[in-house]
Amino acid sequence: MSSRVAVVTGSNKGIGLAIVRDLCKKFPGVVYLTARDVGRGGEAVASLSSEGVTAMFHQLDINDLSSITAAAAYFKDKYGGVDVLVNNAGIAFKVADDAPFAVQADVTLKTNFFATRDMLTHFLPIIKAGGRVVNVSSFVGVRTLNMCSAALQQRFRSDDITEDELVTLMQQFVDKTKTAEHKQAGWPETAYGVSKTGLTTLSMILARRLSKERPNDGILLNACCPGWVRTDMAGPKAPKSPEEGAVTPVYLSLLPAGATDPHGKFVSDKEVQVW
Ligand SMILES: NC(=O)c1ccc[n+]([C@@H]2O[C@H](COP(=O)([O-])OP(=O)(O)OC[C@H]3O[C@@H](n4cnc5c(N)ncnc54)[C@H](OP(=O)(O)O)[C@@H]3O)[C@@H](O)[C@H]2O)c1
């Protein structure tokens, strides 16, 4: 029988690296640190090794479809699929960045929503029975949801929103920013927030689909917030260390065999949050 395997995206630094370190200690199987840049990934694996922690490495740039499909084929071939997938890779423009809002919207949604969706499209079919899928979203996505028009809020919270409808809405946000009409269309002025509202909603849609299409496989898929964490993304003033930020993603990755919840939820500090 193949070993069990856990895969963490964007894990050469920050919260992703802390998730890999903790999984290496707690997950009964092989843990893959993945990075878009082979050099940065190799350095991260070496730094873990110097701590006595052994992680494997595979290149994975979520913005590159051929990288996603190559990685999915590798895990399918070598391990028969994936037991734990943590979609952690993400980007955020700095507040001081003066890139036009339309550019920020396009670039941010491309990675945080569309590329993470590509990961899910190609990896969900190879998630093994009993698998755990964790999408690292953000509390900012909840705040952003509450700032959307009533009509958009209703759609994001509904049980019948489809993946196609969500994708259309996310693309509509990006398109509307190009003509500065996004506010009239009910969207708030935060590209990062909208990307994470989309990712949490996508998590709920895909969890419902898993329950329907693979009811006996016991796969649990959730979105979570790591908290406000000291990383290159959030800066040095954040209250949590990367290790503290890893707690909820690792908890969701290691939900015990036979557990039935949480599933399709947004989780923070190991607690299901109101959406
Ligand atoms: N820090 C916080 O307070 C906070 C709060 C809520 C949610 N989050 C979420 O937590 C996750 C991790 O954030 P972080 O704070 O650890 O940020 P970080 O230190 O900036 O790390 C982000 C990681 O994602 C990787 N990445 C970016 N684009 C990628 C791509 N196309 N393919 C593969 N990897 C890619 C980066 O790789 P490179 O080194 O190559 O750039 C890096 O390894 C993100 O999804 C973020 O939105 C963070």
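Helix α5 (residues 139–147) packs against helix α8 (residues 191–213) at an angle of about 100°, and their axes lie 7 Å apart; the two helices are therefore roughly perpendicular to each other. This is a predicted model, in which local features need pLDDT of at least 70 and side-chain atom pairs count only at pLDDT 80 or more, while totals for chains, interfaces and linings use all residues. Residues are numbered from 1 along each chain as its sequence is written.

**Helix packing**

- Axes are lines fitted to C-alpha atoms, for helices over the stretch in contact, and angles run from 0 to 180 degrees between N-to-C directions; angles under 35 degrees count as roughly parallel, over 145 as roughly antiparallel, 65 to 115 as roughly perpendicular and the rest as oblique.
- Helices (H or I, at least four residues) and strands (E, at least two) are DSSP runs, numbered from the N terminus.
- On the α5 side the contact involves V140, G141, R143, T144 and L145, which meet Y192, G193, V194, K196, T197, L199 and T200 in α8, two residues being in contact if their C-beta atoms, placed from the backbone, lie within 7 Å.
- The residues of this contact of α5 with α8 divide into 5 nonpolar, 5 polar and 2 charged, where Ala, Val, Leu, Ile, Met, Phe, Trp, Tyr, Cys and Pro count as nonpolar, Asp, Glu, Lys and Arg as charged, and the others, Gly among them, as polar.
- Helix α8 also lies across β5 (127–136), β6 (220–225) and β7 (266–268), and runs at about 165° to β6.

**The sheet**

- An open sheet of 8 strands has the order β3-β2-β1-β4-β5-β6-β7-β8, with mixed pairing; two strands pair if DSSP finds at least two bridges between them.
- Its edge strands, β3 (56–59) and β8 (271–272), each pair on one side only.
- Strands β1 (residues 5–8) and β2 (residues 30–35) run parallel and are joined by 4 bridges, with A6 standing opposite V31 in β2.

**The ligand shell**

- There are 31 residues around the ligand, of which G10, G14, G90, T231 and A234 come nearest; a residue is near a molecule or strand if its C-beta atom, placed from the backbone, lies within 6 Å of it.
- Both α1 (14–26) and α4 (101–123) supply at least two residues of this shell, and the largest share, 3 residues, comes from α1.
- Sorted by class, the shell around the ligand holds 14 nonpolar, 11 polar and 6 charged residues.

**Loop residues and backbone geometry**

- A residue is buried if 20 or more other C-beta atoms lie within 10 Å of its own, exposed if 12 or fewer, and partly exposed in between, with C-beta atoms placed from the backbone.
- In the loop between α10 (247–253) and β7, K265 is buried, with 20 other C-beta atoms within 10 Å, and K265 touches N222 and V272, not counting residues up to four places away in sequence.
- P262 is also placed in the loop between α10 and β7, and a cis peptide bond with omega of about 0° joins D261 and P262.
- A180, in the loop between α7 and α8, has a positive phi of about 55° although it is not a glycine, and with 11 C-beta neighbours inside 10 Å A180 counts as exposed.
- K270, in the loop between β7 and β8, has a positive phi of about 65° although it is not a glycine, and with 12 C-beta neighbours inside 10 Å K270 counts as exposed.
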